[in-house]
Amino acid sequence: MQVGSERPEPLLVYDGRIGDLYRIFLVNLLLNIVTLGIWRFWGITRTRRYVWSRTSSGGSRFEYDGTGGQLFVGFLLAALILGGLAVVAGGASLLLRHQGPIASLAPVFAFELCVLVLALGAPFSAQRYRLGHTVWRGIRGGMTGSMLAYGLHALLYFFLSVLTLYQLVPWASLRLLERKINASSFGNQRFACRGNAWSLYGRFLLTFLGVLVLGVVVFGMLFVLDQNLLRLLAHPAGQPSDPRLARQLILTVVPAYLVFGIGAALISASYSAAFYRHVTSHITMGGLRFSSAVSAAAVLSLVLGNALILLATLGLGAPIVTHRSVRFFTGNLLATGTLDLATLEQSEQQASRFGEGMFQVLDAGAGIT
């Protein structure tokens with residue numbers, strides 16, 4: 001038996017219902033209130049199991065066999081690790097306080113650097129956990145590589161991007177995605193990706209300059225038209241601020257940020273769509289070649305639509321956002337070629353048991369939660 005097609009077609013089919021997601025969401029919300037948030041980990045698991053079970057490929061549905069207990073224990077272990085690092089850093093800082101302020105601050109700086117690396121690496125370990133607990137036709141996914149190595153690379157790429165005034169962003173983003181994709185597999189079939197950041201740079205530069213000009217115009221006009229904002233920012237430290245100025249700040253800065261955010265999304269949509277198409281078109285697995293025809297309008301509709309839904313419903317529209325996001329992903333992932341199921345065998349990799357703990361503690365990114 002084979003899966004695939006000689007022309008690009010959606011590889012995944014999602015047939016979930018918003019009503020079902022809302023029932024899960026409302027039960028989770030109630031139990032989170034009753035348990036003071038502890039149910040969160042079991043709630044995440046229930047949502048994922050539903051989404052996975054309503055997603056299929058080649059007529060076979062996916063399964064998610066992670067548990068709420070694993071997420072909870074992973075969270076506790078990650079919290080203990082961070083707490084232990086904080087205690088060590090605090091103790092070292094006290095011991096070095098007589099050596100001068102720089103020496104006493106060194107352990108604190110080292111702790112903050114460790115937390116940053118862990119936060120940057122957390123999405124890698126989270127993907128490893130989710131993929132390792134994804135099952136299709138009895139075969140599960142897997143992932144190799146180190147969370148710390150990924151976090152260190154992400155930190156290095158961030159500094160390089162800053163040093164080049166963010167002109168390395170396309171290259172850094174592509175290289176990090178490639179690390180996650182190339183470390184992933186399904187059964188004995190590995191994913192592979194190698195893109196060309198230079199082909200994305202022209203569109204990125206136009207996007208970068210557009211957002212930069214928008215920011216200068218929006219916030220420049222804000223300072224020119226609202227002298228109260230300048231007075232508030234120039235207020236001497238330690239002195240109580242005038243409540244009228246604080247209210248004025250809210251009435252001016254918040255709308256300015258909204259205008260900038262919406263404008264930046266409009267400007268960035270074309271590059272985001274191009275980046276998604278580029279990465280997807282360079283992914284292969286076995287005999288399958290992936291692609292996408294996603295448009296800037298589709299990206300814009302997803303991003304602004306989800307933001308508006310969450311804002312208008314005060315977060316109660318989360319199931320709609322989940323439904324729209326999964327439909328976007330499954331509807332825009334195309335595949336060409338075939339995968340011979342007779343050659344698809346179980347991987348020897350063991351599924352991570354607590355790999356998402358740091359991600360949950362540091363709230364290090366997005367996901368189905």
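Predicted model: local features only at pLDDT ≥ 70, side-chain atom pairs only at ≥ 80, totals over all residues.
**View 1. Helix α4 and its kink at G121.** Helix α4 spans residues 101-132 and comprises 32 residues. From its first C-alpha to its last, α4 reaches 46 Å, close to the 46 Å expected at 1.5 Å a residue. At G121, α4 has a kink of about 40 degrees.

**View 2. The crossing of helices α1 and α11.** Shown here are α1, formed by residues 18-34, and α11, formed by residues 318-331. Their axes come within 9 Å and cross at roughly 135 degrees. On the α1 side, the contact involves I18, L21, Y22 and F25, which meet A318, P319, I320, T322 and H323 of α11. By class, the residues in the contact of α1 with α11 are seven nonpolar and two polar, with no charged residue.

**View 3. The packing of helices α10 and α11.** Helix α10 covers residues 296-313 and packs against α11 with the axes 9 Å apart. The angle between α10 and α11 is about 170 degrees. Angles over 145 degrees count as roughly antiparallel, so α10 is roughly antiparallel to α11. Helix α10 contributes A298, V299, S301, L302, G305, N306, I309 and L310 to the contact, while α11 contributes A318, I320, V321, R324, S325 and F328. Nine nonpolar, four polar and one charged residues make up the contact of α10 with α11.

**View 4. The crossing of helices α2 and α3.** Helix α2 (residues 40-53) and helix α3 (residues 68-95) have axes 8 Å apart and pack at an angle of about 140 degrees. The two helices, α2 and α3, are therefore oblique to each other. Their crossing is right-handed. In this contact, F41, W42, I44, T45 and R48 belong to α2, and G68, G69, L71, F72 and F75 belong to α3. The contact of α2 with α3 contains six nonpolar, three polar and one charged residues.

Conventions: Residues numbered from 1 in each chain as written. Heavy atoms only, no water. Helix = DSSP H or I, 4+ residues; strand = E, 2+ residues; numbered from the N terminus. Expected span 1.5 Å × (residues − 1). Bend = angle between axes of the 7 residues up to and from the residue. Axes fitted to C-alpha atoms, helices over the stretch in contact; angles between N-to-C directions. Contact = heavy atoms within 4.5 Å. Nonpolar A, V, L, I, M, F, W, Y, C, P; charged D, E, K, R; others polar. Parallel < 35°, antiparallel > 145°, perpendicular 65-115°, else oblique. Left-handed = near helix turned anticlockwise from the far one by under 90°.
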